[in-house]
Amino acid sequence: MTKKKNKSMIQRRLIPTYIFLTIFSIFSVFPFYWMISAATNTMADVSRGRLIPGAYAAQNFRNLIDQQPLSRAMGNSFAYAISVTVICLFICSLAGYGFEVYHDKYKDLLFSILLLAMMIPQVATMIPLFKMFSTAHLLNTIPGFFLPMISTPFMIMMFRQNARAFPIDIIEAARMDGLREFQIFFRMFFPTMKSTYAAAAVITFMNAWNAYLWPVVSMTNGKTLNMVMLIANTTGGYVIDYGLIMMGVLFCSIPTMVVFFVLQKQFAEGITGAVK
């Protein structure tokens, strides 16, 4: 009886917590619900604040593909995001592994300088980057899009922090067995850090998919626009069709949501530094 009373008392104490979490969950989910609802309603219904989904989704979709090159933008976004993700994971994981495994005062100093680079805002680098890429004739190209993103101080720091959980004894034993450094990295480090790679892949893919400032500056050709630029194009003109815009936002959001939900377990493990 005493255990049942204690259990019921604990449950009653948790009721305010559950109510609080439920309310804030509704607030968190509401923007996504409103986006879906607006994508299925007319411009007039959205302007009036209608929250119930309508039957105008097909028309909004037809208006979107008629006014904007949706398939081209979607293909460009996938090409940009996948390229950035694959190259960034390789370079940043290799750099983070090297900074952690091979310690000396010069590497530590270089890593400190690298962390200071995180304090520089992206806007401050736009003009120098544009001049460099214009001179190199890399504007309106896929390399011109992903080169500034393939190595970030945050990703290097993340891999270095997670590499600290990797047993150094295994590396030393592998060296004694005759394995080279790249063999140790690809055969031993890479398989045991899958959760870290998954977390980094989610972050990098989302950043590359949602990139707007640098693509607007470097991609001046309409054939190279991505999904975020396409949505920005729908806001131009004298009349703004909110239903069409929300339909574009919905299409832009689906790939990132799929990537996150597929890798959410590994993402949580990688953020906490799990090694398997």
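Arginine 160 is buried, with a relative accessible area of 6% (buried means under 20% relative accessible area, exposed over 50% and partly exposed in between, with a 1.4 Å probe and protein chains only). The model is predicted: local features need pLDDT of at least 70, side-chain atom pairs count only at pLDDT 80 or more, and totals for chains, interfaces and linings use all residues. Residues are numbered from 1 along each chain as its sequence is written, and side-chain values use heavy atoms, with hydrogens and water left out.

Confidence was considered next. The protein chain has an average pLDDT of 83 (pLDDT is the predictor's confidence in each residue, from 0 to 100). A score of at least 70 is reached by 93% of the residues. Among the elements, helix H11 (residues 194-209) has the highest mean pLDDT, 89. Helix H15 (residues 264-271) has the lowest, 74. Helices (H or I, at least four residues) and strands (E, at least two) are DSSP runs, numbered from the N terminus. Where pLDDT is low, the predicted coordinates should not be read in detail.

The structure holds five salt bridges (a side-chain nitrogen of Lys or Arg within 4 Å of a carboxyl oxygen of Asp or Glu). Arginine 160 takes part in one of them, with glutamate 100, at 3.4 Å from N to O. This pair links distant parts of the chain: glutamate 100 belongs to helix H4 (residues 70-101) and arginine 160 to helix H8, 60 residues apart. Glutamate 100 counts as buried, at 13% relative accessibility.

Glutamate 100 also forms a salt bridge with arginine 164, whose closest N and O atoms are 3.1 Å apart. Arginine 164 lies in the loop between H8 and helix H9 (168-176) and glutamate 100 in helix H4, so the pair ties together parts that are 64 residues apart in sequence. Arginine 164 is partly exposed, at 48% relative accessibility.

Helix H8 (residues 153-163) also contains phenylalanine 159. Its relative accessibility is 0%, so phenylalanine 159 counts as buried. Not counting residues up to four places away in sequence, phenylalanine 159 touches Leu89, Cys92, Ser93, Gly96, Thr196, Tyr197 and Ala200 (contact means heavy atoms within 4.5 Å). The C-alpha atoms of phenylalanine 159 and glycine 96 are 4.9 Å apart, across 63 residues of chain.

A further set of charged residues was examined. Salt bridges link Asp45, Arg48 and Arg50 in a network. Between aspartate 45 and arginine 50, the closest N and O atoms are 3.7 Å apart. Aspartate 45 is buried at 12%, whereas arginine 50 is partly exposed at 36%.
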